[in-house]
Amino acid sequence: MVNSRVKKIGVLTSGGDAPGMNAAIRAVVRTCIYHGLEVVGIREGYNGLIEGHFTKMGPRSVSNIINLGGTILKSARSEAFRTPEGRKKAFENCQAQGVDALVCIGGDGTFTGAQIFSEEHGVKVIGVPGTIDNDIFGTDFTIGYDTALNTAMEAIDKIRDTATSHSRVFFVEVMGRDAGFIALNSGIATGAVDILIPEQHDSLEEMFDTFKKAQKRGKNSSIVVVAEGEKLGNIYDLAQSTKKEFPSYDIRITVLGHIQRGGSPSCADRVLASRLGYGAVIGLMKGLTNVMAGIRSNQLVYTPIEDAIKKHNEINQDLLQISEILAL
């Protein structure tokens, strides 16, 4: 199929965990074995590279993990890998193990580390986008996003039941420090009266106007979905300001938090992770390096890691309009 110059590939997960990472690990391992390559798992991300936590893997090493959330290789953020000394030690361990290429599953921070490591020491690297935020440029969707979205939707559906029963206003915070993909899509899917995201510069007055319009139309309960990185203020400040403006409102706050990171990955995430894990190995076999495997318009593509880091997926403006129209 392709001629491989790489002989031994290491796979690691780094940064925040995301449902589907195990499916990606499984795909990397089994694609390597299928093509006669050796593969090792590196535990605890870049820390494992520095500490030498390498584990030889075979097809049975990844049995029965495709349905598991989290990552069997564990994940960690590594301060030591940010230093030249740490990266030098990591390279020496790669040499000692005969590892000549890495598949790095994670987000921006993971890719930044991979790029620097490759440039300094010549190790081939390919990134696989694993983050629930869906903010990585070069792929339509990131591993874990669909599962997190469904987790948020199911939780908000349950909150709606009690909001309706008691005529309450709920402010629900979902993950998204710098990106509002989860908030916008889960808000539309659950019929939120308002959605507050970092990419859109709302004002308190606009939010209050939304409540007033809802009152006029006879709404007696409402849900506002707030991305954790919303610039207007944190969810507690927003609720407090709303209470001052509307003293009669019975307001409640729910922070979904890390529940969105966990759980068995959805079908979409399992298939996406399988395609990307496969794509990363094939890319390395073709001699590619310093790129990220992604899916765009349902096709496997490779994007320079530099672009994946510097650019960001943008919020669909049609969805913003739709969210406003359908909240009537």
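Tutor: Before we start, one cut-off: buried is under 20% relative accessible area, exposed is over 50%, and partly exposed is in between. Keep in mind that this is a predicted model.

Student: Okay. Lys88, then: buried, exposed or in between?

Tutor: Lys88 has a relative accessible area of 46%, so it counts as partly exposed.

Student: What does the Lys88 side chain meet in a salt bridge?

Tutor: That would be Glu92, at 2.7 Å from N to O. Glu92 is partly exposed too, with a relative accessible area of 38%.

Student: How are Lys88 and Glu92 placed in helix H3?

Tutor: They sit 4 residues apart in H3, which covers residues 84-97, so about one helical turn separates them.

Student: How many salt bridges are there?

Tutor: The count comes to 7. Another of them joins the side chains of Asp250 and Arg168, at 2.9 Å from N to O.

Student: Where do Asp250 and Arg168 lie?

Tutor: Both are in loops: Asp250 is between helix H8 (235-245) and strand S9 (251-255), and Arg168 is between helix H5 (145-166) and strand S6 (169-174). The pair therefore ties together parts that are 82 residues apart in sequence.

Student: And is Arg168 buried or exposed?

Tutor: Arg168 is buried, because its relative accessibility of 16% is under the 20% cut-off. Asp250, at 27%, is partly exposed.

Student: Which residues are linked with Arg168 in a network of salt bridges?

Tutor: Asp250 and Arg252 are linked with Arg168 in that network.

Student: What about Lys212, which residue does it form a salt bridge with?

Tutor: Glu245, with the closest N and O atoms 3.8 Å apart. Lys212 is in helix H7 (residues 204-216) and Glu245 is in helix H8, so this pair ties together parts 33 residues apart in sequence. Lys212 has a relative accessible area of 35% and is partly exposed, and Glu245, at 38%, is partly exposed as well.

Student: Switching topic to the sheet. What's the strand order?

Tutor: It's an open sheet of 7 strands, in the order S3-S2-S1-S4-S5-S10-S11, with mixed pairing. The edges are strand S3 (54-56) and strand S11 (299-304), each pairing on one side only.

Student: How much twist from one strand to the next?

Tutor: The twist averages 30°.

Student: In what sense do S10 and S11 pair?

Tutor: Antiparallel, over 6 bridges, with S10 spanning residues 291-296.

Student: Which strands does helix H1 lie across?

Tutor: H1, residues 21-34, lies across strand S1 (8-13), strand S2 (38-42) and strand S4 (101-106), and runs at about 160° to S4.

Student: I'm also looking at Thr31. Where does it lie, and is it buried or exposed?

Tutor: Thr31 is in helix H1, and its relative accessible area of 9% makes it buried. Leaving out residues up to four places away in sequence, Thr31 touches Tyr278, Val281 and Ile282.

Student: Last one: which residues make the nonpolar surface patch?

Tutor: Ile322, Ile325, Leu326 and Leu328 make a patch of about 390 Å². Leu328 lies in the segment after helix H11 (317-326).

Student: And Leu328, buried or exposed?

Tutor: Exposed: its relative accessibility is 59%, and the cut-off is over 50%.

Technical notes. Residues are numbered from 1 along each chain as its sequence is written. This is a predicted model: local features need pLDDT of at least 70, side-chain atom pairs count only at pLDDT 80 or more; totals for chains, interfaces and linings use all residues. Side-chain values use heavy atoms; hydrogens and water are left out. Two strands pair if DSSP finds at least two bridges between them. Helices (H or I, at least four residues) and strands (E, at least two) are DSSP runs, numbered from the N terminus. Axes are lines fitted to C-alpha atoms, for helices over the stretch in contact, and angles run from 0 to 180 degrees between N-to-C directions. Contact means heavy atoms within 4.5 Å. A salt bridge is a side-chain nitrogen of Lys or Arg within 4 Å of a carboxyl oxygen of Asp or Glu. Buried means under 20% relative accessible area, exposed over 50%, partly exposed in between (1.4 Å probe, protein chains only). Patches are made of residues with over 30% relative accessible area and no salt bridge: like charges are joined within 9 Å, nonpolar side chains (Val, Leu, Ile, Met, Phe, Trp, Tyr) within 5 Å. Accessible areas come from the Shrake-Rupley method with a 1.4 Å probe; for residues, only the protein chains shown count as cover.
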